[in-house]
Amino acid sequence: MRRREFLTLSAASIGGVLVYSLDREVFRFSAQTNQSVHIPLRFFTQSEALIVAAAASRIFPSDETGPGAREAGVPIYIDRQLAGPWGRDRYRYTQGPFEENAPAEFGYQGKATPQQIYREGLKGLKGFNRLKAEEQDDTLKQIEATLFFSLLRQNTIEGMFCDPMHGGNIDMVGWQLIGFPGPRMSNYDDVDKHFGEAFRPKPAGLRQVTRRKVRPGEDLE
Amino acid sequence: MKTLPSVDVVIIGGGWTGLLMAKELGSRTALNVVVLERGGPRRTDDYNDDMDELDYTIRFRMMQDVSQETVTLRHDSSQRALPLRQHGSFLPGSGVGGAGEHWSAVCPRFLPDCFEVLSRTTEKYGSKRLPEDHAIQDWGITYDELEPHYTRADLLLGISGKAGNIRGQQIEGGNVFEGWRSAEYPTPPTKIPYFSSIFAEAAKTLGYHPYPVPAATTSRAYTNPDGISRPGCTYCGYCETFGCMIGAKSQPTNTLLPVIEKHKNVSIRTGAWVRRIVHDAAENKGSARGVIYIDANGQEVFQPAELIFLASWTLNNTRLLLLSGIGKAYNPGTRKGSLGRNLTHQVAFSAVTAFFEKPLNRFMGSGASGIMLSDLDGDLFDHSKLPFLRGGTLGARSARSLPISECGVVPKSVKSTWGSEWKKAALHYYDRTGRIGFSGEHLAYQDNYMDLDPVYKDHFGDPLLRLTLDWRENERKMADYMTTKAMELAREMGAKEVTPFSGLRSYDATRYQSSHVQGGAIMGSSPESSVVNPYLQHWQLSNLFVLGASSFPQNASANPTPTILALTYRTADAIVDRYLKNPAALA
Ligand SMILES: Cc1cc2nc3c(=O)[nH]c(=O)nc-3n(C[C@H](O)[C@H](O)[C@H](O)COP(=O)(O)OP(=O)(O)OC[C@H]3O[C@@H](n4cnc5c(N)ncnc54)[C@H](O)[C@@H]3O)c2cc1C
Ligand code: SF4
């Protein structure tokens with residue numbers, strides 16, 4: 001078995017942040033601490049995880065509009081997805097023959113699994129996390145048309161806005177940015193009101209709403 | 001292979017049609033009925049935990065497992081077909097309840113002339129107006145014959161809406177273009193969220209006749225004629241691709257299963273994957289003897305039966321008939337053979353993506369809550385000077401605006417697809433984006449059909465179903481025309497920026513465009529051009545009935561399930577009233 005790898009993040013970068021949504025509502029998180037958090041990795045090596053973290057932060061940056069992939073824990077989300085059934089292509093028809101150059105209307109027809117696509121793609125990004133932001137953007141522009149980049153972009157959006165039980169959208173930073181409240185059992189009293197005004201109930205994740213430890217798909221076999 | 005004792009009835013598939021037939025036979029006869037469903041058991045409680053976009057919408061938790069079985073596609077018969085390796089343009093269901101669990105529950109009826117498109121179109125415009133390679137057929141049944149059964153389906157599901165035509169009397173506020181109904185909808189329309197309500201205003205200003213979408217996301221608590229009570233919808237927004245956690249959305253498991261479970265003569269075997277229908281078919285006559293399936297433990301089982309219902313949805317209905325060698329496979333070259341012909345999908349797309357100034361609060365709504373209009377449906381507008389036949393509905397549903405799927409959609413003025421500029425726009429527009437959808441008729445063509453794929457196999461080693469399917473000029477021109485109309489509506493709604501649909505080119509298997517796929521085992525008035533008679537009874541094997549949209553000779557613009565249920569009711573009546581007394585051909 002390979003050595004256990006960890007992603008080390010400062011607590012300040014994933015919790016204890018002030019979050020502004022675009023609708024100017026302010027949320028403050030209490031987890032103010034200077035300690036580091038070691039998150040065990042399921043698929044990535046530590047250096048791969050740092051590259052993914054850096055790239056996801058350019059796709060969905062932390063900037064004046066609010067937090068981004070870094071605060072949301074996107075690399076943690078992607079790591080778990082890749083280690084789970086999706087990463088191993090459990091959800092795809094994988095019998096040959098494969099027609100790698102099929103027209104786009106037939107969808108991805110290749111043989112490589114998401115795990116393989118990431119591992120290959122990351123080989124081309126060695127040292128990416130040590131580049132300056134502009135250099136990182138230039139590097140990503142060069143691979144924009146690749147399947148690897150389109151997966152990375154899609155997975156970054158997933159990691160921003162998934163239910164927190166999947167490892168991303170930590171403290172619901174993504175949902176707060178856009179004013180999405182998460183699962184709500186009832187909107188009956190509000191659905192035909194608030195016309196033309198933002199109605200922004202306080203977000204809550206599925207485990208909070210159901211008070212159950214719902215198991216995410218990546219943990220199922 | 002294990003052979004089980006014979007039963008009276010086997011139903012293959014436990015979705016809307018299979019379970020409706022099971023409920024009818026269970027309640028109205030003493031027949032011993034077995035439902036064979038390849039997927040697992042399900043009930044309302046299973047949906048307590050399902051409000052998770054990632055596992056349910058993005059990873060398709062409730063759909064058929066495509067790693068085991070999918071279909072192949074080619075655009076015309078000169079190409080080699082490729083497998084659809086991931087879910088895309090439609091989403092077949094699996095498990096008790098079938099696709100009826102994760103559906104959106106939009107429940108319109110078909111326009112009366114949809115059942116007679118061939119004769120009505122020829123009458124009005126002459127046969128020269130029909131596309132040269134069309135395969136359009138009349139159904140062999142009329143709207144008037146089906147109306148009482150539509151009403152039963154409305155009552156079963158408790159459909160919410162506003163009638164526009166009760167016995168010929170037009171009623172403002174409902175769909176004034178619809179076929180006559182014998183009664184008002186069982187429940188009042190759903191609440192109308194903001195985005196849909198501004199669509200309604202704009203549509204009225206432009207002279208259209210908007211009306212509330214007929215919805216089986218029922219607007220208030222309802223008890224149906226079987227005594228089944230369901231609560232009203234709470235507009236939670238986790239509707240399409242999810243099961244409803246409170247049972248407000250009518251689904252086979254909350255509407256049919258509780259009745260079935262009361263009847264000791266009906267049993268449901270889950271994990272039972274049917275591979276063949278065994279029969280002794282001669283040229284014109286014969287009978288089905290039973291089915292071979294793989295049970296949940298992987299064992300091969302022969303289940304003999306007197307009467308068999310194939311209810312495994314359009315694609316598997318056609319595939320099981322082909323695999324079992326029942327009937328003559330269609331040959332597009334000679335146009336001989338009827339099995340597999342008239343494959344249609346639906347001309348369904350977001351006609352406009354509109355970006356607004358004000359927030360829309362789009363997380364609230366149900367799969368079917370919204371407003372639509374039928375002014376441009378069917379032949380309700382004159383086509384003599386238009387470059388296409390038939391039409392469809394435009395609508396603004398307030399359904400499913402979940403953030404993974406929707407955040408990141410930005411106006412064309414934003415050039416980037418990642419990075420700070422894009423992010424800023426994505427955050428701003430997430431709740432300021434709405435779509436006007438179009439849902440239009442797809443005509444039948446000689447070269448759009450299904451057969452068995454020569455290369456790709458399922459997990460048992462059986463050939464996959466092969467779809468030969470592409471759009472023609474009629475659909476492309478209809479799409480362009482409707483996109484223009486939708487742009488006018490979006491501007492009238494006050495959209496700041498609008499992105500029109502990019503147009504239909506080749507059939508795109510990656511774009512979801514409704515799960516309304518029909519044909520393959522179509523109904524009609526003769527065995528030469530159809531597989532089943534208008535009672536959905538197989539022309540050759542009179543003890544085999546094929547339920548569902550596989551029987552539609554072509555697509556109608558409207559969502560299919562009320563029509564599917566109405567036809568199933570009609571078949572159940574014919575079985576109980578006639579067939580059981582005299583098991584022979586009904587037509
Ligand atoms: C996302 C989505 C949204 C939809 N929205 C709407 C809507 O708004 N309005 C509308 O009218 N319709 C809608 N539909 C369509 C609707 O769900 C179908 O019309 C309806 O479910 C068809 O019923 P059926 O019994 O023919 O098939 P299904 O309900 O799909 O049931 C077929 C069953 O057969 C089983 N089966 C298949 N093969 C085998 C086999 N070999 N052995 C054993 N069992 C087998 C399957 O597992 C499945 O459970 C929607 C569908 C989807 C997927
Ligand atoms: S929107 Fe209504 S019908 Fe749909 S899942 Fe939620 S409560 Fe059920």
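Which share of the contacts in chain A with a separation of 6 or more comes from residues 24 or more positions apart? Those residues account for 68% of such contacts, a contact being heavy atoms within 4.5 Å.

## Before you start

This is a predicted model, in which local features need pLDDT of at least 70 and side-chain atom pairs count only at pLDDT 80 or more, while totals for chains, interfaces and linings use all residues. Residues are numbered from 1 along each chain as its sequence is written, chains are lettered from A and ligands numbered from 1 in the order in which they are written, and side-chain values use heavy atoms, leaving out hydrogens and water.

## Chain A at a glance

Chain A has nine helices and four strands. Both kinds of element are DSSP runs numbered from the N terminus: helices (H or I) have at least four residues and strands (E) at least two. Reading from the N terminus, the order is β-α-β-β-β-α-α-α-α-α-α-α-α.

Of the 221 residues in chain A, 53% are buried. Here buried means under 20% relative accessible area, exposed means over 50%, and partly exposed lies in between, using a 1.4 Å probe and protein chains only.

## An open sheet in chain B

Now to chain B, where six strands make an open sheet with antiparallel pairing, in the order E8-E16-E17-E18-E15-E21. At the edges are strand E8 (211-212) and strand E21 (497-500), each pairing on one side only. Two strands count as paired if DSSP finds at least two bridges between them.

Let's walk in from E8(B). Two bridges link E8(B) to strand E16 (residues 370-373) of chain B, and Pro212(B) has Ile371(B) as its bridge partner there. Next, E16(B) and E17(B) share four bridges, with Leu373(B) partnered by Leu394(B). Strand E17 (residues 392-397) of chain B is mostly covered, as five of its six residues are buried. Four bridges also connect E17(B) to strand E18 (residues 433-440) of chain B, where Gly395(B) stands opposite Gly437(B).

## Strand E4 and its two partners

In a regular strand the side chains alternate between the two faces of the sheet. In strand E4 (residues 71-74) of chain B, Val71(B) and Leu73(B) point one way, Thr72(B) and Arg74(B) point the other way, and all are buried.

E4(B) runs parallel to strand E20 (residues 463-468) of chain B, joined by four bridges, and Val71(B) stands opposite Leu465(B). E4(B) also runs antiparallel to strand E5 (residues 82-83) of chain B, joined by two bridges; here Leu73(B) faces Leu82(B) as its opposite residue.

## A buried histidine

His134(B) lies in the loop between helix H3 (117-125) and helix H4 (143-157) of chain B. Its relative accessibility is 17%, so His134(B) counts as buried. Setting aside residues up to four places away in sequence, His134(B) touches Leu118(B), Arg335(B), Ala444(B), Tyr445(B) and Gln446(B). His134(B) and Asp447(B) are 313 residues apart in sequence, yet their C-alpha atoms are 8.6 Å apart in space.

## Around ligand 2

There are 13 residues around ligand 2, and Cys233(B), Cys236(B), Tyr238(B), Cys239(B) and Cys244(B) come nearest. A residue joins this group if one of its heavy atoms lies within 4 Å of the molecule. By class, the shell has seven nonpolar, five polar and one charged residues. Ala, Val, Leu, Ile, Met, Phe, Trp, Tyr, Cys and Pro count as nonpolar, Asp, Glu, Lys and Arg as charged, and the others, Gly among them, as polar.
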